[in-house]
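Hi,

Here is the structure I promised to pass on to you. Please have it open while you read my notes.

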Amino acid sequence: PRLLRLFKWGETEYTINWIPFGGFVKIFGENPTDDAVAEGPDKKRSFVHKSKLTQAAVIGAGIVSNVLIGWLLFSIIFAVGFPASTELYPERTLENVAVTITGVLENSPAAEAGFKDGDILKSITSAGVSSNTASSVEMVQEYIGSHGSDIITLEVSRGGETIELQVVPKEGVVEGRRAIGIAMDEIGFLQFPIHEALWQGALMTFDFIGQIAVGLGSLIYQAIVGTADYSQVTGPVGIVGIVDDVAQLGFLSFAIGLVLEAI
């Protein structure tokens with residue numbers, strides 16, 4: 001049901017409705033059983049009485065709009081700036097680069113100690129050893145792996161606060177060495193000038209469209225041959241959970257998550 005009529009442009013009314021999940025377009029004549037479509041004076045102007053080419057163009061316009069909106073939002077994100085991996089942009093100089101936790105393995109020592117996605121590692125110490133700056137992923141991995149079963153203290157920045165977490169590395173978490181169960185990356189702040197932001201936004205949009213197409217094609221193929229894993233398919237509730245997880249990495253990561261949901 002309509003909540004608020006915003007304005008009318010030409011013959012089109014723009015409204016806000018009571019269920020604000022996405023949007024919709026109500027086209028005159030999309031329901032061929034309406035009396036106005038079947039017998040009314042505007043019968044020839046109705047959607048169902050237009051040529052197949054016109055109908056295809058109207059339907060396709062919605063898809064094109066989604067792509068353009070995705071491109072616009074991605075471009076805005078690139079222009080405003082966002083947290084990015086130095087590995088993905090080796091040719092760029094990123095600001096405020098720091099080792100950041102991007103994943104915590106369930107039931108791992110790190111999970112039990114309270115580590116969370118988005119924690120920024122500041123320093124790492126162990127009993128009787130002076131503090132070491134967590135300057136790279138390799139340095140942190142080597143430090144953890146070389147301290148056996150010692151209690152390791154990691155100083156992390158979370159939400160503007162600095163906290164200390166203690167953890168003991170264990171065998172079996174990662175094959176071949178002691179580990180605590182965290183995934184890390186060197187993350188910094190990256191910003192593009194507007195002309196490059198538009199180009200990078202276009203590249204990312206079509207890259208994700210390609211990934212979505214491959215994913216859907218793979219799912220259809222697996223469904224046909226009987227090997228599809230439907231537990232990996234999610235709906236609105238699952239999407240909310242995914243976006244919530246991404247939001248922990250910051251506002252711009254949250255915005256990227258929303259764009260991907262829209263695409």
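Below is what I found in it, taken one topic at a time.

First, the ground rules. This is a predicted model, so to speak of local features I kept to pLDDT of at least 70 and counted side-chain atom pairs only at pLDDT 80 or more, while totals for chains, interfaces and linings use all residues. Residues are numbered from 1 along each chain as its sequence is written, and side-chain values use heavy atoms, with hydrogens and water left out.

On confidence: pLDDT is the predictor's confidence in each residue, from 0 to 100. The protein chain has a mean of 80, and 81% of its residues reach 70 or more. Helices (H or I, at least four residues) and strands (E, at least two) are DSSP runs, numbered from the N terminus. Please treat one stretch with care: over residues 258–263 pLDDT stays under 50, and the model has 14 contacts there beyond four places in sequence. Contact means heavy atoms within 4.5 Å.

Now to α2 itself. Its 29 residues reach 42 Å from the first C-alpha to the last, close to the 42 Å expected at 1.5 Å a residue; the expected span is 1.5 Å times one less than the number of residues. There is a bend of about 25 degrees at Ala61, that being the angle between axes fitted to the seven residues ending there and the seven starting there. Gln55, Gly70, Phe74, Ser75, Ile77 and Phe78 are the buried residues of α2. Buried means under 20% relative accessible area, exposed over 50%, and partly exposed in between (1.4 Å probe, protein chains only). Just after the helix, Gly81 has a positive phi of about 110 degrees.

Next comes strand β11 (residues 182–190), which is largely enclosed by the rest of the structure because 7 of its 9 residues are buried. Strand β3 (residues 82–85) pairs with β11 in the antiparallel sense over 4 bridges, with Ala84 partnering Gly188. Strand β4 (residues 95–104) also runs antiparallel to β11, joined to it by 7 bridges, and here Val104 stands opposite Ile182. Two strands count as paired if DSSP finds at least two bridges between them.

Which aromatic rings form a cluster? Ring pairs link Phe78, Phe82, Tyr89 and Phe192. Rings of Phe, Tyr and Trp (its six-membered ring) pair if their centres lie within 6.5 Å; planes under 30 degrees apart count as stacked, over 60 as edge-to-face and the rest as tilted. The structure holds 6 aromatic pairs. In one of them, Phe7 and Tyr14 are stacked, because their ring centres lie 4.7 Å apart with the planes at 25 degrees. The rings of Phe78 and Phe82 are edge-to-face, since their centres are 5.0 Å apart and their planes at 90 degrees. Both Phe78 and Phe82 are buried.

Gln200, in helix α5 (residues 194–225), touches two members of that cluster, Phe78 and Phe192, not counting residues up to four places away in sequence. Gln200 counts as buried at 18% relative accessibility.

Best wishes
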